Amino acid sequence: MMKKRNITFYLFIIPVLMWLIFLIVLPHIDLFLSSFRFENDDGNTVFSFENYLSFFQDSIYWLTFLRTAFYSIAITVLAFVLTFPIAFFLTKVVSKKYSSFMTLLLLIPIWVGELVTIYGWMILLSDHGVINNFLIYLGLMDTPIKMLYTDFSMIIGLLYMSMLFMIVPVMSALDSLDDSLIEAASDLGASKWTIVTKIVIPHAMPGIASGGIMVFMLIIGDYVAPNILGGKSSLWFTEQIYNFFLTTIDWSQGAAFGFLLLLLSSAIIWIVLKITGQKLERVGS
Amino acid sequence: MKKIVLVGAAALMLTSGALMAQETLRLLTWKDYTPPELVSKFEKETGIKVKITYSNNEEMVAKLIATRGGGYDLAQPSQDRIKFVQMKHKIYQPIDYSKVNTGQLITSMVDAVKKNAKVGNDSFGVPFCYGTTGMLVNKKNAPDANDWSDLWNPKYAGKISYRLKRPLLIATALGMGEDPFALYSDKAAYAELMKRVEKKLIDNKNLVKTYWTSGDTQVALIKSGDVDVESGWDGKGWTLHSTNPDIDFVAPKSGALGWIDTFAIPAKSKNIDAAYKWINFALAPENAAFFTNGAGYGTASKDAINYLKPEIKDNFTRTFSKADIDNIKWYPALPAGFDKIESKILERIKAAK
């Protein structure tokens, strides 16, 4: 009996281990090692921190990272502000019967994929697109407003594809909130604002934090939306990594920047969790 | 339990055996280069199954470096991207020109590619098609736009677009009256010229609507009326001209940029015979003409001209005068390290306000 279980156990664990080792651990080790490889002026490859140092030496790199990080944080906050009322509505106001159907509707943009939703936004936002034509048709204005290829369209695109990853964990956190707590607070004379800030949000905090981490990581690592919707000044940090790997074929430099992105974005998450007093273990649950 | 493993292993062997039975050609190429009609014709004639992967110069090279020249049986890099990549990474194998039916090719193009893609005594490319990068212009709104310098002409403010890639840097230098290719032997002077190009493009960034990023966005921008003057490819401009006569391709006065895309065989190609078969098939006059009639790009096949549609021939004579043809600047092989200079400049331009 015991032996049989062992075989089954190994049968299941070996593919998982192979997946982890060959497709995740080894490539990362290889990338990490190659990030220290540097070709000096004589054309020899040497061990060096040069690839990492260049991030701090050349303002174009760290400025781009700062810009990317700033936008990612702002969009994460925006995603929370926009989705929190929806999540609350779906879990606490609408009856269970409809709320699951509505949640399903929210998932549809994920099914069609990021690229398709982005092209959809292009049709809506372009100078001769749906929104501009409609506003001109209504007589509200004569010349189209430039919306596509701006920071505005980039933010919309990023927001639209990442919002769901905020809604779902917040909803599951709100689900466990006992309605009687809200009723009790209201019976005792608490205002709506007090109820939201003192009871609802603190209870949903782990959900908000895990949603926030997901949204932030998705946005800071996104490549498509800034590249297509962003227009002429939308240099994103991932684009620089892409350029190292594909345009200049400098994989060592690209690897170094990839690890910097991982380190710096993890650091930002760690700092935010510290400031808000959250524990990563609680967020995960 | 053992039985299940055995059955699984047997099933795996069977399926892989079935895959082995049919000969395949794994082709790494550009969109538009493999019309479905030609692919099925080739499959019928030879019984070889063609598996196509679309790519571009950067990704093609990156993929082949990652696999050290494996994964594909035939690739189609531009002729200026072969030499220095080959010297450093050795991802291609020499072309055996005795297996190529060079008799059906334009001799001057074969010689040019042979020379530009030469490392040591071997050469690594066979020309397939060529075209130029120039400008797509909406003649109704911008009748006078005819030079690279119109890409920063305030007259067209907000109606200008281009792709933020290295051809733009070359084009800008040409528009400024410089000869960037003459500086390919002098890295410092080239870097200095690129600095001035960078300044030019940043100073005039406010005139640009957006940067186009692919053939599709290039077409969409001018077709929708969002821009009137943009950098672009001749094939795209001519195709647009056939549906909207206001839009046409224009060869810039300071010189259109000429590119030649080639066939190159990856170092670990598993089906070299099929690769040569495809090369000779795709460049046979009738097939090459079919490609040109569809995609609009010129072909390296000599007698294809006999099978071209009249409107396709007309495109060429309408766009290029004798002087324009002599003025086409063909890309020389890109020296090592130059892409780094250019890449940083492109990033600075994109990051600028």
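Me: What share of the 353 residues in chain B is buried, and what makes a residue buried?
Reply: Of the 353 residues in chain B, 45% are buried. The model is predicted: local features need pLDDT of at least 70 and side-chain atom pairs count only at pLDDT 80 or more, while totals for chains, interfaces and linings use all residues. Residues are numbered from 1 along each chain as its sequence is written, and chains are lettered from A and ligands numbered from 1 in the order in which they are written.

Me: Why is Val25(A) called exposed?
Reply: Val25(A) has 12 C-beta neighbours inside 10 Å, so it counts as exposed. It sits in helix H1 (residues 2–34) of chain A. Helices here are DSSP runs of H or I with at least four residues, strands are runs of E with at least two, and both are numbered from the N terminus. Between Val25(A) and Ala69(A) there are 26 Å in space, C-alpha to C-alpha, and 44 residues in sequence.

Me: What makes the radius of gyration of chain B agree with that of a compact globule?
Reply: The radius is taken over C-alpha atoms, and the globule rule is 2.2 Å times the number of residues to the power 0.38. For 353 residues the rule gives a value near 20 Å; chain B has 22 Å, so the two agree. The C-alpha trace of chain B spans about 75 × 45 × 45 Å along its principal axes. Chain B holds 14 helices and 15 strands.

Me: How do you know that S1 and S2 of chain B pair?
Reply: Two strands pair if DSSP finds at least two bridges between them. Strand S1 (residues 24–29) and strand S2 (residues 49–54) of chain B are joined by six bridges and run parallel, so they meet the rule. Leu25(B) has Val50(B) in S2(B) as its bridge partner, and Thr29(B) has Tyr54(B). From S1(B) the chain passes through helix H2 (residues 36–46) of chain B to S2(B) in a right-handed β-α-β crossover. Right-handed means that, with the strands pointing away from the viewer, the path from the first strand over the helix to the second runs clockwise.

Me: What makes S2 and S3 of chain B edge strands?
Reply: The open sheet has three strands in the order S2-S1-S3 (chain B), with parallel pairing. S2 and strand S3 (74–75) of chain B each pair on one side only.

Me: How many residues of chain B are in contact with chain A, and what makes two residues a contact?
Reply: Two residues are in contact if their C-beta atoms, placed from the backbone, lie within 7 Å. By that rule, 23 residues of chain B are in contact with 21 residues of chain A. Helix H3 (57–66), strand S9 (208–211) and helix H14 (338–351) of chain B each supply at least two residues of the side of chain B that touches chain A. H14(B) gives the most to that side, with seven residues.

Terms used. Buried ≥ 20, exposed ≤ 12 C-beta atoms within 10 Å, placed from the backbone.
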